[in-house]
Amino acid sequence: MSKLIFEKSVTGRRAYLMPRLTAAEAAATATLPANLCATIPPALPEVSELDVVRHFTQLSQHNFSVDTNFYPLGSCTMKYNPRLTEKAASLDGFISGHPLLTQLNGNGTLTQGALEALWHTEQLLCELTGMDAYTTQPMAGAHGELTGLLLIAAYHRARNDKRTKVLVPDSAHGTNPASAAMAGFTVVPVATDPDGNVDLTDFKAKLSPDIAAVMLTCPSTLGLFEQHVVEMADLAHACGALLYYDGANLNALMGRARPGDLGFDVLHLNLHKTLSTPHGGGGPGSGTVGIKSALLPFLPMPVVVKNGSSFTLDTNRPQSIGRIAPLFGNFGVILRAYAYMLHLGGNGLREATDHAVLNANYLRVKLQEAFDIPYHRICMHEVLLSGERQAKKHGVRAIDFAKGLIDAGHHPPTIYFPLTVGEAIMIEPTETESKETLDTFIADLLRLATLAETNPSAFATMPETTTISRIDETRAARSPILKAAVTPQT
Ligand SMILES: *Cc1c(COP(=O)(O)O)cnc(C)c1O
């Protein structure tokens, strides 16, 4: 490991020299009250500019990124995002426009371009998903879920229909039950059947007049398309409930199926997964929400509307759930999605989906003998393996494979999620990776599977190529030590 910047400190070395004080400035400083003056100099490293540049560059290289290596983190869609969309989002007219200009510029002439971009993005998303309208305000997938559930609550309230529960299959993303609870609903879990679909018997038994909504993650966190989706939609609607679609991973469906056509009333999309925007580390994102026309009155304000050839903001919406985010959400993320959709076009978006699904199935077929596969059928954009065989026979667990893959130069897949599958290893290759990259990953994972049989103790020291080897991951996340202990120099 390279030296810490404090260890490189040499007394008197400088990267920057302050201008000398004039006599007047020196005199003014001398009159500062003594009790306000520090007696010990700050404990800063004394280093040259080059030391600083090397320090931060080396730190940045400890970061794993899709710009350097394969990053098949299931459910996260860590794909390569084209630089073109960065460029579009940094156009002068977009980045130099102040968001408050829409209110200040009375006739709106200065913000027409920005409003048109928002409006047209919504139109394209309607076409892509079969919905009637969108709000681009929510700033993350989970934020979109909360928005969608508040819309559903407003819909039932307007009809004086008291419904307090939301059905959430146990194969849903973990944010679903959390968002439903946050919106004030009671969460009722639904079981999964042996094929990886929602258990229809359990579903029917739990449908009742107090169900406000059914939330479906599709593809589910098992990486599977829900085969009962149309039947579930019909049953839910017959009982007066609305259908919510978690479309965080629309890269499994674009151009092949539209949630609106499948019967969904409300959905969110993660623009930062499917539709271009690098993510990770907590943001920024966009959990844009689409609705059917029955929910139009409740949309968050303001709504961008087109009058003839100009665009305005509608704030006169008495039934609106109000604002869900300041201004327009993460405008830069929305712009990247807009540029991405215009650049790829309908056929290009369908091709992205086809490749995402093909890549995942390629991995599935190549790995299905070496690992257990909980559900033997065609998967969508990600494939779920289980390391139970290796854990039971050789004591090599999913986390050991993850660490071994780091040494091979790959980001580990998602492990121990979904919770319903033991030793889960969930791999999302994404559409942007080549066959050669997938083949290298497959070869490395198969090599590790063989190593588990022949020399399981070899995993104990992995990873060996990283700055820090095995850590207590829970403690590192919950009680991190973020500063080096230094003794101040006097
Ligand atoms: C990522 C994801 C979410 C949550 O999105 P955030 O932007 O992280 O809040 C919800 N559902 C599914 C299926 C996801 O993959």
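1. **Ground rules.** This is a predicted model, in which local features need pLDDT of at least 70 and side-chain atom pairs count only at pLDDT 80 or more, while totals for chains, interfaces and linings use all residues. Residues are numbered from 1 along each chain as its sequence is written, and side-chain values use heavy atoms, with hydrogens and water left out.

2. **The bent helix.** At Gly345, α13 bends by about 100°; the bend at a residue is the angle between axes fitted to the seven residues ending there and the seven starting there. Helices (H or I, at least four residues) and strands (E, at least two) are DSSP runs, numbered from the N terminus. Between its end C-alpha atoms α13 spans only 41 Å, whereas a straight helix of 37 residues would span 54 Å at 1.5 Å a residue. That expected span is 1.5 Å times one less than the number of residues.

3. Helix α13 (residues 331-367) lies across β10 and β12, at about 25° to β10. Contact here means heavy atoms within 4.5 Å; axes are lines fitted to C-alpha atoms, for helices over the stretch in contact, and angles run from 0 to 180 degrees between N-to-C directions. The open sheet has three strands, ordered β10-β12-β11, with antiparallel pairing. β10 (383-386) and β11 (414-415) each have a single partner strand, so one side of each is left without a neighbour in the sheet. Two strands pair if DSSP finds at least two bridges between them; β10 and β12 (residues 424-427) are joined by four. Ser386 stands opposite Ala424 in β12.

4. **The seven-stranded sheet.** Look next for the open sheet with the order β1-β7-β6-β5-β4-β2-β3 and mixed pairing. Its edge strands, β1 (133-135) and β3 (186-190), each pair on one side only. From one strand to the next, the twist averages 25°. Strands β5 (residues 242-247) and β6 (residues 266-269) run parallel, joined by four bridges, and Tyr244 has Val266 in β6 as its bridge partner. Helix α7 (residues 141-158) lies across several strands, including β5, to which it runs at about 170°.

5. **Around the ligand.** Which residues are closest to the ligand? Of the 14 that surround it, the closest are Gly141, Ala142, Asp246, His272 and Lys273; a residue is near if one of its heavy atoms lies within 4 Å. A polar side-chain atom of Asp246 lies 2.6 Å from a ligand nitrogen atom. A polar backbone atom of Ala142 is 2.8 Å from a ligand oxygen atom.

Notes: Polar contact = N/O pair within 3.5 Å; in protein donor to acceptor, adjacent residues only side chain to side chain.
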